[in-house]
Amino acid sequence: MNKVKIHFLGASGTVTGSKFYLETPELNVMVDCGMYQGLKELRQLNWAPLPIDASKIDVVLLTHGHLDHTGYLPRLVMEGFKGKIIATPPTLAITEIILLDSAKIHEEEAERANKEGYSKHHPAKPFYSIREAERAIGLFSYGEKDQWISLSEHLRLRFKYNGHIIGATFIELEIFGKLFVFSGDIGREHDILLAPPEHPKWADYLFIESTYGNKLHPQEDVEEILVDLVTETINQRGNLIIPSFAVERLQSLMYVLWQLFKKNRIPNIPIFIDSPMGNNVLSVFERFPEWHKLSSKEYQSMCKHFNIISSYADTWKTIDDPRPKIVIAGSGMVTGGRVLTYLKQLMRHSSTTVLLVGYQAEGTRGRQLLEGAYELKLFGKYYPVKSKIRHLESLSAHADQKELLHWMEDIKNIPETVFLIHGEPTALDAFRVKIGDVHNWRVHIPKLNETKEIIL
């Protein structure tokens, strides 16, 4: 009799921190290894050792490169992990960029906190260093999509294209003949830059994200909204600040704005891209053209249209530039990055508009702005919010409830259990009810650190 013991170590009852640990008779496998983001009590969990022995993990499989799916890898290595980290080539390229950028930010924030004395910890230490990130990167191992990869005699896996961001996949993990399907983050059916996600055909045990399990994305005219915002920014001689995720959202925004200029729908307003990580991600688009819709010629032409900022000194020059302008800067949920400097200086002006694009997790500054915050805490101090706040939801890289159900509809069998993960409680419960109504499948919502034993 073979058993699989599943540990739900993250993204269970919440969106971020994806980590799923499977103990099997032959190998111990972790699927995704992400950081918590958002609420302080969640972020504090990042600092707690995992309730498992990291040295016993044989392999980590990554669905895609986002921080909430990869950002804990250096800590896992610090806790004793020495195995392989397997993902598609573009996912590993994205993960390397994100880990190094994250480590740099951790180091800089610890240094700033110690210098300015706003940390409760003395001294403040980085969550992990660049050197520790490099140790994790040294364990990377490529896995091509659509090809079965053998891990041991009775364990094999396959990566399947999933949209969402470049390199993203869902994972089919076959254990003693049973198929465990991990959705990762599921992309949109009609994405600007990416093809529609492929669909699983069989799943004995399905682990599916529920970020928008209770919502449908609005039918917004993205181009019309951006044209109006640009016109308003020019008329008010103001600033349009767009906090953006460096992977996919930044490139999608660039593409839409470039197309609007080409169609003569917006004038040649200065557009600044201030995201060192986003700049690096652009190079991943160039390296892996088969993973997206842009031709090499389109990619080159698009990049030439924007002012790409590389140095922090140029950030300040951009802030001081009196012209009406658009600034796209990381991070997408306003949790860190260069956008904080722009907001600190410019959100006190009523002529500034902050455009939030995509999901804003509970506890993030982006969610606070969305909910009408009149002040924002940045670098240990509070700053007034006088700017207009707008939200563009239809550029989200996450499938909504209808698209999630569509993604599942090709599954030919009845899964033994559907585990709902990567969602806030209201989304999880609404999606549980909907799956029950549509499919009458057995659905379970795991709690954080819950373990489930499955007899194969």
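Predicted model: local features only at pLDDT ≥ 70, side-chain atom pairs only at ≥ 80, totals over all residues.
**Entry 1: a strand pair**

I started with strands β8 (residues 155–161) and β9 (residues 169–175), which pair in the antiparallel sense over seven bridges.

**Entry 2: the whole sheet**

Next I wanted to know which order the strands of the open sheet follow. I read off seven strands, β7-β8-β9-β10-β11-β20-β21, with mixed pairing. At the edges I found β7 (149–152) and β21 (443–444), each with a single partner strand, so one side of each has no neighbour in the sheet.

**Entry 3: strand β11**

Then I picked out β11 (residues 205–209) and asked: are its residues buried or exposed? Five of the five are buried, so the rest of the structure largely encloses this strand. I checked both faces, and both are covered: Y205, F207 and E209 sit on one side, L206 and I208 on the other.

I looked at the strands paired with β11 too. Strand β10 (residues 178–182) runs parallel to β11, and three bridges join them. Here F182 has F207 of β11 as its bridge partner. Strand β20 (residues 417–421) is also parallel to β11, joined by five bridges. In that pair I noted Y205 with T417 of β20.

**Entry 4: helices across the sheet**

I found helix α13 (residues 401–408) lying across β9, β10 and β11, at about 155° to β11. Helix α14 (residues 425–439) lies across β11, β20 and β21, at about 155° to β20.

**Entry 5: helices α6 and α7**

How do I describe two packed helices? I use the angle between their axes and the distance between the axes. For α6 (residues 222–235) and α7 (residues 249–262) I got an angle of about 75°, with the axes 11 Å apart. They are therefore roughly perpendicular to each other. V222, E223, L226 and V227 of α6 meet V256, L257 and L260 of α7. By class I wrote down six nonpolar, no polar and one charged.

**Entry 6: helices α8 and α9**

My last pair was α8 (residues 276–287) and α9 (residues 296–304), whose axes come within 10 Å and cross at roughly 160°. That makes α8 roughly antiparallel to α9. The crossing is left-handed. I listed L282, S283, F285 and E286 from α8, and Y299, Q300, M302 and C303 from α9, as the residues making the contact. This contact has five nonpolar, two polar and one charged residues.

Note on methods:
Residues numbered from 1 in each chain as written. Heavy atoms only, no water. Axes fitted to C-alpha atoms, helices over the stretch in contact; angles between N-to-C directions. Helix = DSSP H or I, 4+ residues; strand = E, 2+ residues; numbered from the N terminus. Parallel < 35°, antiparallel > 145°, perpendicular 65-115°, else oblique. Left-handed = near helix turned anticlockwise from the far one by under 90°. Contact = heavy atoms within 4.5 Å. Nonpolar A, V, L, I, M, F, W, Y, C, P; charged D, E, K, R; others polar. Buried < 20%, exposed > 50% of the residue type's maximum accessible area, 1.4 Å probe, protein only. Pairing = 2+ DSSP bridges.
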